[in-house]
Amino acid sequence: MVWAQHGIYGAGKDLYETFGLIETAEKAAEIYMKTAHLPLANTITDRQLHLMEESFGVKAREGYLE
């Protein structure tokens, strides 16, 4: 939910971390609001993500991919 003209709460180990987290959340919300109405393009399939896992030697979070 976007609630214009209202505050945000954040918590971190210090003021700088807290401010950074709030800034990140605000930027993510801005990007979402600017792109949510657009059609999906250039999507990556689960199979392609599994291939990238193998290439980079990483493992996706359990239950995230089919």
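Modeller: Let's start with a handy term: a residue is called exposed when its relative accessible area is over 50%, and buried when that value is under 20%. Keep in mind that we are looking at a predicted model.

Biologist: Thanks! Why does Asn 42 count as exposed?

Modeller: Its relative accessibility is 78%, and the cut-off for exposed is over 50%. Asn 42 therefore counts as exposed. You will find Asn 42 in the loop between helix H1 (15-35) and helix H2 (46-56).

Biologist: What makes the phi of Asn 42 worth a look?

Modeller: Phi is near 55° there, a positive value in a residue other than glycine. Most residues other than glycine have a negative phi.

Biologist: And Phe 56, is that residue buried or exposed, and how do you know?

Modeller: Phe 56 lies in helix H2. With a relative accessible area of 63% against the cut-off of over 50%, Phe 56 is exposed. Phe 56 also belongs to a nonpolar surface patch with Ile 44, Met 52 and Val 58, and together they have about 410 Å² of accessible area.

Biologist: Now the whole chain. Why is the protein chain called more spread out than a compact globule?

Modeller: The protein chain has 2 helices and 0 strands. Its radius of gyration is 17 Å, while the globule rule gives 11 Å for 66 residues; the value is well over the rule, so the chain is more spread out than a compact globule.

Biologist: How much of the protein chain counts as buried?

Modeller: Of its 66 residues, 6% count as buried, with under 20% relative accessible area as the cut-off.

Definitions and conventions: Residues are numbered from 1 along each chain as its sequence is written. This is a predicted model: local features need pLDDT of at least 70, side-chain atom pairs count only at pLDDT 80 or more; totals for chains, interfaces and linings use all residues. Side-chain values use heavy atoms; hydrogens and water are left out. Helices (H or I, at least four residues) and strands (E, at least two) are DSSP runs, numbered from the N terminus. Buried means under 20% relative accessible area, exposed over 50%, partly exposed in between (1.4 Å probe, protein chains only). The radius of gyration is taken over C-alpha atoms; the globule rule is 2.2 Å times the number of residues to the power 0.38. Patches are made of residues with over 30% relative accessible area and no salt bridge: like charges are joined within 9 Å, nonpolar side chains (Val, Leu, Ile, Met, Phe, Trp, Tyr) within 5 Å. Accessible areas come from the Shrake-Rupley method with a 1.4 Å probe; for residues, only the protein chains shown count as cover. A salt bridge is a side-chain nitrogen of Lys or Arg within 4 Å of a carboxyl oxygen of Asp or Glu.
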